[in-house]
Amino acid sequence: MDKQNETHRVMITLSDQAIAKLDQLVAEKQRELNQNPELAKYNIRFNQSNILEVWLSKQ
């Protein structure tokens with residue numbers, strides 16, 4: 001299974017509570033990114049898939 005399909009499969013099985021936590025992590029990471037002037041200039045955006053892909057790669 002490729003990374004995108006695995007991410008999609010995990011997202012489908014997450015509970016509402018887990019999705020809320022994931023949204024919180026996305027907001028936190030985006031805030032951290034925006035506060036770093038060196039990185040903010042690249043207009044990088046975090047989303048649920050980004051966070052999940054990193055998490056899955058560490059499993």
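The model is predicted, so local features need pLDDT of at least 70 and side-chain atom pairs pLDDT 80 or more, while totals for chains, interfaces and linings use all residues. Residues are numbered from 1 along each chain as its sequence is written, and side-chain values use heavy atoms, without hydrogens and water.

Reader: Which residues in H4 meet residues in H2?

Author: Contact means heavy atoms within 4.5 Å. On the H2 side, the residues are Ile19, Leu22, Asp23, Leu25, Val26 and Lys29. Their partners in H4 are Gln48, Ile51 and Leu52.

Reader: How are H2 and H4 oriented: roughly parallel or roughly perpendicular?

Author: The axes of H2 (residues 16-35) and H4 (residues 48-57) come within 9 Å and cross at roughly 100°. Angles under 35 degrees count as roughly parallel, over 145 as roughly antiparallel, 65 to 115 as roughly perpendicular and the rest as oblique. Therefore H2 is, relative to H4, roughly perpendicular.

Reader: Is glutamine 30 buried or exposed?

Author: Glutamine 30 lies in helix H2 and touches Ile44, Arg45 and Phe46, not counting residues up to four places away in sequence. Buried means under 20% relative accessible area, exposed over 50%, partly exposed in between (1.4 Å probe, protein chains only). Because its relative accessibility is 11%, glutamine 30 counts as buried.

How values were computed
Axes are lines fitted to C-alpha atoms, for helices over the stretch in contact, and angles run from 0 to 180 degrees between N-to-C directions. Helices (H or I, at least four residues) and strands (E, at least two) are DSSP runs, numbered from the N terminus.
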